Amino acid sequence: MSTHASRIAQLTVTDRLVESNRAYAADFADPGTDARPVLGVAVVACMDARLDLHAALGLELGDCHTVRNAGGVVTDDTIRSLTISQRALGTRSVVLIHHTGCGLQTLTEDFRHELELEVGQRPAWAVEAFRDVDQDVRQSMQRVRTNPFLPHTDDVRGFVFDVTTGRLREIDPSPDPRP
């Protein structure tokens, strides 16, 4: 094994990322934009590594604000980011993206109890686990549309990204009528 190959084999994941950044920075050109997204949109999505939002939505650097968390759930911290995005940085549209096969569909709020037993204190945050991805998108849309801190709630749309096909499926904000 060459010295270079041996050195790369010993790098941590973070070391590899920093090395990749050096190569990126060598060819980087300042895009000349500020923090205001060109398209005036904020995208809230799951942190799942299978979602390449820029590629899936045809976005370029500077087009949108991206807020990611477990499940793409609209939490207090998501509202914080959206409020800053809208009130200080000019976004007017919100796109919510959940996805098929989400890990939050396999958890329950018992996860918090398990953490408490392990570390001696219960997390202050909720897991926000869900079974029905469509209904959770509806709930997230409702949380955005009814939040008093968000002045721009006319253009809030929710989708489910299919991780096997790459397609978005739009969710009707009104619940399905149950027979």
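**Charge, fold and surface of a predicted protein chain**

View 1. The mean positions of the 19 positive and 26 negative charges of the protein chain lie 1 Å apart, with Lys and Arg counted as positive, Asp and Glu as negative, and His and the chain ends not counted. Each charge is placed at NZ of Lys, CZ of Arg, CG of Asp or CD of Glu. The model is predicted, so that local features need pLDDT of at least 70 and side-chain atom pairs count only at pLDDT 80 or more, whereas totals for chains, interfaces and linings use all residues. Residues are numbered from 1 along each chain as its sequence is written, and side-chain values use heavy atoms, leaving out hydrogens and water.

**View 2. Order of the secondary structure elements.** The protein chain has six helices and five strands, taken as DSSP runs (helices H or I, at least four residues; strands E, at least two) and numbered from the N terminus. Starting at the N terminus, their order is α-α-β-α-β-α-β-α-α-β-β.

**View 3. A nonpolar patch on the surface.** Tyr24, Phe28 and Leu61 together form a nonpolar surface patch with about 350 Å² of accessible area, calculated by the Shrake-Rupley method with a 1.4 Å probe, only the protein chains shown counting as cover for residues. Such a patch joins nonpolar side chains (Val, Leu, Ile, Met, Phe, Trp, Tyr) within 5 Å, from residues with over 30% relative accessible area and no salt bridge, the latter being a side-chain nitrogen of Lys or Arg within 4 Å of a carboxyl oxygen of Asp or Glu. Tyr24 belongs to helix H2 (residues 13-26) and, with a relative accessible area of 48%, is partly exposed, that is, between buried (under 20%) and exposed (over 50%) with a 1.4 Å probe and protein chains only.

Technical notes: Patches are made of residues with over 30% relative accessible area and no salt bridge: like charges are joined within 9 Å, nonpolar side chains (Val, Leu, Ile, Met, Phe, Trp, Tyr) within 5 Å.
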